[in-house]
Amino acid sequence: MRHDSLYRLGGNAALLGGILGAVAISLHAPQPMDLATYSALAMGPWMAAHWLFVIAIVGVAGGLAAFTRHFAHTDGEGWAVLGFGAVVVSSALFVAIVAPEIVAFDALRTMNADASNGGAAQHAAAHAYLAVNLNLMSLVHVAGPIFFVSLSAFGLAMLRDADWPRWLGPASVVIGLAM
């Protein structure tokens, strides 16, 4: 693929990923901290939000991969590679966060509905939900900052490349550090 085509495709992929991420956030109910509250949620919007998160992550990571290619053999190459490394790590963490919410939480909801066994299954499901949910929330607090630091690294790469508007590099650095 030609360099210009990759650059345009990457920009569109990153933008589309960002838009899909915003839609996913708008569909996502506040994170329930107990299984009973989770079980009462409408599953359609919940599942749609989490699948959109996965698609958004792929779009943003793919777009930033193209940006990394754009910076090859420029003064900003090191910052772009560092930023892309952070994107890869944060994308893997985000997928690890979202996957249990698509599959495991639904299985725990089903276990919670099973009243047989004197409530032992319900107790085990509630305990597992709490443990998994706390772990996922911990990962969010790790993945988020890593992702936003990657934006700062790309901003520093933009500062060293004349192809970008002069305001975009500093804006990316500030947004990445402020988040």
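Colleague: How much space lies in the largest pocket?
Modeller: The largest pocket holds about 670 Å³. A pocket here is an open set of points on a 1 Å grid over the protein atoms alone, where a 1.4 Å probe fits, with protein on both sides within 12 Å along at least five of seven lines. The volume is the space filled by probe spheres set on the points, which are joined across faces, edges and corners. This is a predicted model, in which local features need pLDDT of at least 70 and side-chain atom pairs count only at pLDDT 80 or more, while totals for chains, interfaces and linings use all residues. Residues are numbered from 1 along each chain as its sequence is written, and side-chain values use heavy atoms, with hydrogens and water left out.

Colleague: Which residues lie nearest the centre of the largest pocket?
Modeller: Ile25, Phe53, Ile57, Phe94 and Val140, out of 25 lining residues; lining means having an atom within 4 Å of a point. Two or more lining residues come from each of α1 (3-27), α3 (43-70), α4 (77-102) and α6 (120-159).

Colleague: How does that lining divide into nonpolar, polar and charged?
Modeller: The lining of the largest pocket has 15 nonpolar, nine polar and one charged. Asp, Glu, Lys and Arg count as charged, Ala, Val, Leu, Ile, Met, Phe, Trp, Tyr, Cys and Pro as nonpolar, and the others, Gly among them, as polar.

Colleague: And what volume has the second largest pocket?
Modeller: About 520 Å³. Its lining is made of 19 residues, with Ala14, Leu15, Leu64, Phe67 and Leu151 closest to the centre. At least two lining residues each come from α1, α3, α6 and α7 (168-178). By class, 16 of the lining residues are nonpolar, three are polar and none is charged.

Colleague: Back to Ile25. Is Ile25 buried or exposed?
Modeller: Ile25, which sits in helix α1, counts as exposed because its relative accessibility is 58%. The cut-offs for relative accessible area are under 20% for buried and over 50% for exposed, with partly exposed in between (1.4 Å probe, protein chains only).

Colleague: How far apart are Ile25 and Trp79?
Modeller: Their C-alpha atoms are 29 Å apart in space, and the two residues are 54 apart in sequence.

Colleague: Where does Ala29 lie?
Modeller: Ala29 is in the loop between α1 and α2 (35-40). Its relative accessibility is 23%, so Ala29 counts as partly exposed. Beyond its neighbours within four places in sequence, Ala29 touches Leu41 and Trp46, where contact means heavy atoms within 4.5 Å.

Colleague: New topic. At what angle do α4 and α5 pack?
Modeller: About 30 degrees, with the axes of α4 and α5 (residues 104-113) 3 Å apart. Axes are lines fitted to C-alpha atoms, for helices over the stretch in contact, and angles run from 0 to 180 degrees between N-to-C directions. α4 and α5 are therefore roughly parallel, the word for angles under 35 degrees.

Colleague: Which residues meet there?
Modeller: From α4, Ala99, Pro100, Glu101 and Ile102; from α5, Ala104, Phe105 and Asp106. The contact has five nonpolar, no polar and two charged residues.

Colleague: How many helices and strands in the chain?
Modeller: Seven helices and zero strands. These are DSSP runs numbered from the N terminus, with H or I and at least four residues for helices, and E and at least two for strands.

Colleague: What does the C-alpha trace span?
Modeller: About 70 × 25 × 25 Å along the principal axes. Of the 179 residues, 37% are buried.

Terms used: Parallel < 35°, antiparallel > 145°, perpendicular 65-115°, else oblique.
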